[in-house]
Amino acid sequence: MDSQLKIDRDYIEAEISQFGGEEEDRLMKLLEKTSDDELSLKMWRVDQAFMDRISELGSDMVSELLDKLGEKDEQR
């Protein structure tokens, strides 16, 4: 997989350990059963969904800004 998608299982385990109890046990078992390739793919999907949402928010902000600038021009 791409070096950018390299998985640091220690980091993921540290994040999971914050849950505690049954949820931590469930997530650790799931992590143990998940191969590096599957984990990389899942993280890529999360990353792609995040990037899509950021792009959408940016587009909304630009549209809103242009609308406000248009309103200022109309008021003059």
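Residues are numbered from 1 along each chain as its sequence is written. In this predicted model, local features need pLDDT of at least 70 and side-chain atom pairs count only at pLDDT 80 or more, while totals for chains, interfaces and linings use all residues; side-chain values use heavy atoms, without hydrogens or water.

**Whole chain.** The chain has 3 helices and 0 strands, in the order α-α-α; helices (H or I, at least four residues) and strands (E, at least two) are DSSP runs numbered from the N terminus. Of its 76 residues, 13% count as buried, meaning under 20% relative accessible area with a 1.4 Å probe, protein chains only.

**Residues 36-75.** This is α3, with 40 residues and a reach of 58 Å from first C-alpha to last, close to the 58 Å expected at 1.5 Å a residue. The expected span is 1.5 Å times one less than the number of residues.

**The largest pocket.** Select Ile12, Leu31, Leu39, Lys42 and Met43, the closest to its centre of the 13 lining residues. Here a pocket is an open set of points on a 1 Å grid over the protein atoms alone, where a 1.4 Å probe fits, with protein on both sides within 12 Å along at least five of seven lines; lining residues have an atom within 4 Å of a point. Now colour α1 (9-17), α2 (21-33) and α3: each supplies at least two lining residues.

Note on methods
Buried < 20%, exposed > 50% of the residue type's maximum accessible area, 1.4 Å probe, protein only.
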